[in-house]
Amino acid sequence: MTQAEMNLGMLGHVDHGKTTLTEKLTGKWTDTHSEEIKRGISIRLGYADAYIYHCAKCDLFSTEAKCPKCSGKTKLLRKISIVDAPGHETLMTTVIAATSILNGVLFLIAANEPCPQPQTNEHLLVLNATGIKNIIVVQTKVDLVSKEKAIESYNQIKQFLKGSVAENAPIVPVSANYNLNIDALLKTISQVMTTPKYDDSAQLRMYVSRSFDVNKPGAEISALNGGVLGGSIVQGLLKIGDELEIKPGVIKKEGAKPSALNCKVKLLMEETEKLEVARPGGLVAIGTTLDPSLTKADALVGAVVGRKGEVPDPAEIVKVKYTLLTRKDIENPPLRESEPVVVNVHTSTAVGFVSGIAKGIATIKLKKSTVVYKDMHVALSRRFGQRWRLSAWGTIV
Ligand code: GDP
Ligand code: ZN
């Protein structure tokens, strides 16, 4: 087993334990807090792989190659990528815009607070909007409450989920801090989160969520490595030697349309594993023949990668069939003409303004063109004071 087989998103109110649980499952800390992220403009997906092992002798699930109970050798069952986006607004926006990247969601709800908390409520709205069906509810922080309180909280959660997409989702109580019931959670993940069947013959499509220059400053030109692209493959197969096309690409002259980039695949990796072929699952890094100056500092985030001639031209105007999100903390009236909005689709973030509204469809002119596909999920944010807040979700028509 080399590449992660699928991606799970993490949802839940602030401080309900997303970062802590991710660390428990993957050994990695994914939280990052930049100013941009706090203001809700930029999207920064965090990926960390969870290895799920099983000891047949003890029938125990763990994240260890050696059984925590009998010290015997365990069997690696699954490798699953946990995808996280820090900050409430970015998290919601990401889950909507990047639904196609996610195969399931862990929905965290703390046992020591009444349910629903405001963000828990909004996350359920988002889950309903995206239609993601593979959901496990994780009741966190059970170490902080008595048994009676934990049961009361469980019943409250059950009540809250009634009539939603998560109505029948399993609820697993855990304490990440005391390693309580994490084995049961791993077992539930293995059972509920079945790996999708990927169609290798589907047209290749990858959304770029990272791009960088791996060379050290001052390196000899002859020793330079090509630019690196990181992202999620959503369909198709990628092999070393493949010829790729990247759109929108780069703007060569101010005011000009972006030009597509072409390159060859020299190296493929997923976390620490070198791959011969890459499929959907986890954060795939592609070592390319691109000039590294084109990929440095996340310059190509939001681009779409496909085979030569197969990526559609970027759109400057998008039409979105949208539904307003009911938010308790802010007034969210219907979109207005000429209002500025932020449009998030896949990993792309673009500022635009509403140039027309008719029959629930907003026409939006983007400042920076982006590749879109019909029926793709879109998150629309509007400005409230200094911040952009998620206001609507929809699909590209
Ligand atoms: P996030 O905002 O959802 O990512 O929440 P964090 O993972 O940052 O957790 C917020 C706080 O709750 C931190 O101080 C954690 O140490 C604490 N925490 C997380 N999980 C547990 C748990 O299971 N039990 C207890 N007692 N504290 C927890
Ligand atoms: Zn064992």
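Me: Which residue has a side-chain N or O atom 2.7 Å from a nitrogen atom of ligand 1?
Reply: This is a predicted model, in which local features need pLDDT of at least 70, side-chain atom pairs count only at pLDDT 80 or more, and totals for chains, interfaces and linings use all residues. Residues are numbered from 1 along each chain as its sequence is written, ligands are numbered from 1 in the order in which they are written, and side-chain values use heavy atoms, with hydrogens and water left out. A polar contact is a pair of N or O atoms within 3.5 Å, and the residue whose side chain makes this one to the nitrogen atom is Asp143.

Me: Which residue places a polar side-chain atom 3.0 Å from an oxygen atom of ligand 1?
Reply: An oxygen atom of ligand 1 lies 2.8 Å from a backbone N or O atom of Asp15. The side-chain atom at 3.0 Å from an oxygen atom of the ligand, however, belongs to Lys141.

Me: What is the geometry of the zinc ion (ligand 2) site?
Reply: The protein donors (N, O and S atoms within 2.8 Å of the metal) are the SG atoms of Cys55, Cys58, Cys67 and Cys70, at 2.2 to 2.4 Å from the zinc ion. Four donors count as tetrahedral if all angles lie between 85 and 135 degrees. The angles among these four donor atoms are 105 to 115°, so by that definition the site is tetrahedral.

Notes:
A polar contact is a pair of N or O atoms within 3.5 Å; within protein, one must be able to donate a hydrogen and the other to accept it, and residues adjacent in sequence count only if both atoms are side-chain atoms. Donors are N, O and S atoms within 2.8 Å of the metal (3.2 Å for Na, K and Ca); water is not among the atoms, so sites may look incomplete. Four donors count as tetrahedral if all angles lie between 85 and 135 degrees; four count as square planar and six as octahedral if opposite donors are over 155 degrees apart and all others between 65 and 115; anything else is irregular.
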